[in-house]
Amino acid sequence: MAGDIAGSPAGPSPQEGGGAAADGSGPSSPKLRRRRGLWSVTLPGCWGALLFACLSFTPSLLPRGGILQGLICGIDAALGYAAGVLAARVWRAFADREPRPPRRRSWTVFFLGAVLLFGLSFGFGQYWQYRIRRLMDTPDYNVPLGVASPLFAALVFGLLLLTARGIRGVYRRLVRLLKRWIGPRAATAVGWAVVAALVWAFVTGLLLDGLVGLANQAFSLRDTTTEEGAHRPTSTLRSGGPGSLVPWDSLGLQGRNFTGTGPSKAAIEKFTGRPAAEPVRSYAGLASADSAESRAAQAVADLTRQGGFERANLLVVTTTGSGWVDPAAVDSFEYLSGGDSATVATQYSYLPSWLSYLVDQTKAREAGRALFDAVYDTWSKLPPDRRPRLFVSGESLGSFGGETAFSGEYDLRNRTAGSLFAGPPAFNSLFREFSDRRDAGSPEVQPVYKDGRTVRFANDPAAAIPPADRPWNGSRVLYLMHPSDPIVWWSPRLVYREPDWIGQHPGGDVLEQMVWLPVVTFWQVTADLPFAADVPRGHGHTYTTEYVDGWNAVMRPPDITAQDLGRLKDVIAAEK
């Protein structure tokens, strides 16, 4: 905590701050100082912790279980405690006085207020969570865990408080040591700098890098497995099949899922009622080649062998972190094209999507750019009348990678026949540009960019995609984004700035009671990230049947009726 680490007093008795000086000297014995430093608390800090803990029960984007609520509450309480201690320090500095012991009735007032305020907040929190679950049609959560969430919060708060005081202890010892050679002020400044550097190195180096390394090793082993239902292709039109330039064993878990599944020619004919072609699927895994460029080249070489450039429709997909291609996206594309299509993708990481979202952005950028450039290089050399319609797609971090091959709206329009991106992260450069420069009066949750002439946004593509009264000619670019998708809305700026998507209107599947609170909202949305896809379709980061309407809007296939779209949604939902 800010106040604790800086050496401000930590206990309520005999003074408000515990009576220890910043350098650790004072009338108390070292043994008493250590005991107060570890277990005592200040009244301003407790009020801050109570306020932040109560605010943690306000709703965010997704429903929360008891353990998650306890984690958020504990973190917010620890931050609130630090804020309370810091505020008291600043107040005493302006008042030019030392800490004073709080009156006994002050603690009585606090405890009574804590019971009342925390109880009311907990009750409203349960009500809001019930409404969110009703809104998203999710099952009721575990009641015992929900009731126990304050206990989890207390545990998290205690662990964070002890961690902060452990860091404070290191700081104090270092300052005492430095005072042997330099002045008190210099010792304090150097002590702060050294401790801050050590904490940063531990968190970013040993802790974060170590955990990411362990996760990478664990998921690389998982990448050697094959899921049930994915079978080695017997068709020459799939990577890993007969004659393929990419061995089956090198595709990775998600690559084998991609080429070893999917709609058959017979299934597509059953849907369309007309003769269909067998779709082409090309893929290169991390084990297929050593670099993003070489994997892209290998995937395009296999695509050429398969006759992918001879199909009517060619789709370039940038995968999510683990190499996953959403079956709903590709299956919908293949059904609506009557199987006269080819899809190509590559893998760039072993990590799952939510973790890649935080640490693998550079790899996604390289993979997306390398794959599209390799495809476009071959495509552009074909005679214009023999080129397939070229489409681009990506979900989550895949949309980020897919965007990086383009400089802006006109580049997307001129080099593709259409693009469909789902759940774009807030740091996507083009998505951010289109959203931030939206037309006046259009909300951030569903913006309108330049009258929707090329780029449009849809919460529900089955409804009219705004602006419905304006022409949408030529190449179409469509972003699918649920109002409750934390991947779309998470940003570090949530710490200190209210976003428009909350201030204007949070969207159809988000409670109107969601408000922006400094620091608190950031941690709430951050906690939503790992569970973004654990909600029913149409909410959060779960995109399934939306791809049917999305691809229908982008591709504009002929002879497809609303009834056909409804039947295809049933097919896609059943496969998912």
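Visitor: Hello! How many helices and strands does the protein have?
Guide: Welcome! The C-alpha atoms of this predicted model fill a box of roughly 90 × 50 × 45 Å along the principal axes. Within the protein there are 22 helices and seven strands.

Visitor: What share of the 576 residues is buried?
Guide: A residue counts as buried when its relative accessible area is under 20%. Of the 576 residues in the protein, the buried ones make up 53%.

Visitor: Among contacts between residues at least 6 apart in sequence, what share joins residues at least 24 apart?
Guide: Contact here means heavy atoms within 4.5 Å. Taking the contacts between residues at least 6 apart in sequence, the part that joins residues at least 24 apart is 74%.

Visitor: Which residues have the most contacts inside the largest nonpolar core?
Guide: That core has 92 residues. Another core lies apart from it, with 18 residues, among them Ala49, Ala53, Tyr81 and Phe110. In the largest core, the residues with the most contacts are Val375, Leu478, Tyr479, Tyr547 and Trp551.

Visitor: Let's look at one of those. Which residues does Leu478 touch, leaving out those up to four places away in sequence?
Guide: Leu478 is one of the residues with the most contacts inside the largest nonpolar core. Leaving out residues up to four places away in sequence, Leu478 touches Ser419, Leu420, Phe421, Arg456, Phe457, Ala458, Ile465, Trp472, Gly550, Ala553 and Val554.

Visitor: Why is helix H20 described as largely enclosed by the rest of the structure?
Guide: Helix H20 covers residues 520-528. Its buried residues are Val520, Thr521, Phe522, Gln524, Val525, Ala527 and Asp528. H20 is largely enclosed because the number of buried residues among its nine is seven.

Visitor: Which helices do the buried residues of H20 pack against?
Guide: Val520 and Phe522 are among the buried residues of H20. The buried residues of this helix pack against H3 (43-55), H4 (66-95), H18 (486-489) and H19 (500-503).

Visitor: At roughly what angle do the axes of helix H12 and helix H22 cross?
Guide: Two packed helices are described by the angle between their axes and the distance between the axes. For H12 (residues 327-336) and H22 (residues 562-575), the axes come within 10 Å. H12 passes H22 in a right-handed crossing. The angle is roughly 145 degrees.

Visitor: How many nonpolar, polar and charged residues does the contact of H12 with H22 have?
Guide: On the H12 side, the residues are Ala328, Asp331, Ser332, Tyr335 and Leu336. They meet Leu565, Leu568, Val571, Ile572 and Glu575 in H22. Sorted by class, the contact has seven nonpolar, one polar and two charged residues.

Visitor: Is Ser121 buried or exposed?
Guide: Ser121 lies in helix H5 (residues 104-136). Leaving out residues up to four places away in sequence, Ser121 touches Cys54 and Phe57. Its side chain reaches the backbone oxygen of Leu117 at 2.9 Å. Because its relative accessible area is 15%, Ser121 counts as buried.

Visitor: How far apart in space are Ala463 and Ser121, C-alpha to C-alpha?
Guide: Ala463 sits in the loop between strand S6 (455-458) and strand S7 (476-480), and is partly exposed at a relative accessible area of 41%. In sequence, Ala463 and Ser121 are 342 residues apart. In space, their C-alpha atoms are separated by 37 Å.

Visitor: Which peptide bond is cis, with omega near 0 degrees?
Guide: Look at the loop between S6 and S7, where Pro467 is found. The cis bond runs from Pro466 to Pro467.

Visitor: Which backbone oxygen does the side chain of Gln446 reach?
Guide: Gln446 lies in the loop between helix H17 (429-436) and S6. Not counting residues up to four places away in sequence, Gln446 touches Phe457, Ala458, Asn459 and Pro466. At 3.3 Å, its side chain reaches the backbone oxygen of Phe457.

Visitor: Is Ser396 buried or exposed?
Guide: Ser396 lies in the loop between strand S4 (389-395) and helix H15 (397-403). Although Ser396 is not a glycine, its phi is positive, at about 60 degrees. With a relative accessible area of 2%, Ser396 is buried.

Key
Residues are numbered from 1 along each chain as its sequence is written. This is a predicted model: local features need pLDDT of at least 70, side-chain atom pairs count only at pLDDT 80 or more; totals for chains, interfaces and linings use all residues. Side-chain values use heavy atoms; hydrogens and water are left out. Helices (H or I, at least four residues) and strands (E, at least two) are DSSP runs, numbered from the N terminus. Buried means under 20% relative accessible area, exposed over 50%, partly exposed in between (1.4 Å probe, protein chains only). Axes are lines fitted to C-alpha atoms, for helices over the stretch in contact, and angles run from 0 to 180 degrees between N-to-C directions. A crossing is left-handed if the near helix is turned anticlockwise from the far one by less than a right angle, and right-handed if clockwise. Ala, Val, Leu, Ile, Met, Phe, Trp, Tyr, Cys and Pro count as nonpolar, Asp, Glu, Lys and Arg as charged, and the others, Gly among them, as polar. A polar contact is a pair of N or O atoms within 3.5 Å; within protein, one must be able to donate a hydrogen and the other to accept it, and residues adjacent in sequence count only if both atoms are side-chain atoms. A nonpolar core is a set of buried Ala, Val, Leu, Ile, Met, Phe, Trp, Tyr and Cys residues joined through side-chain atoms within 4.5 Å.
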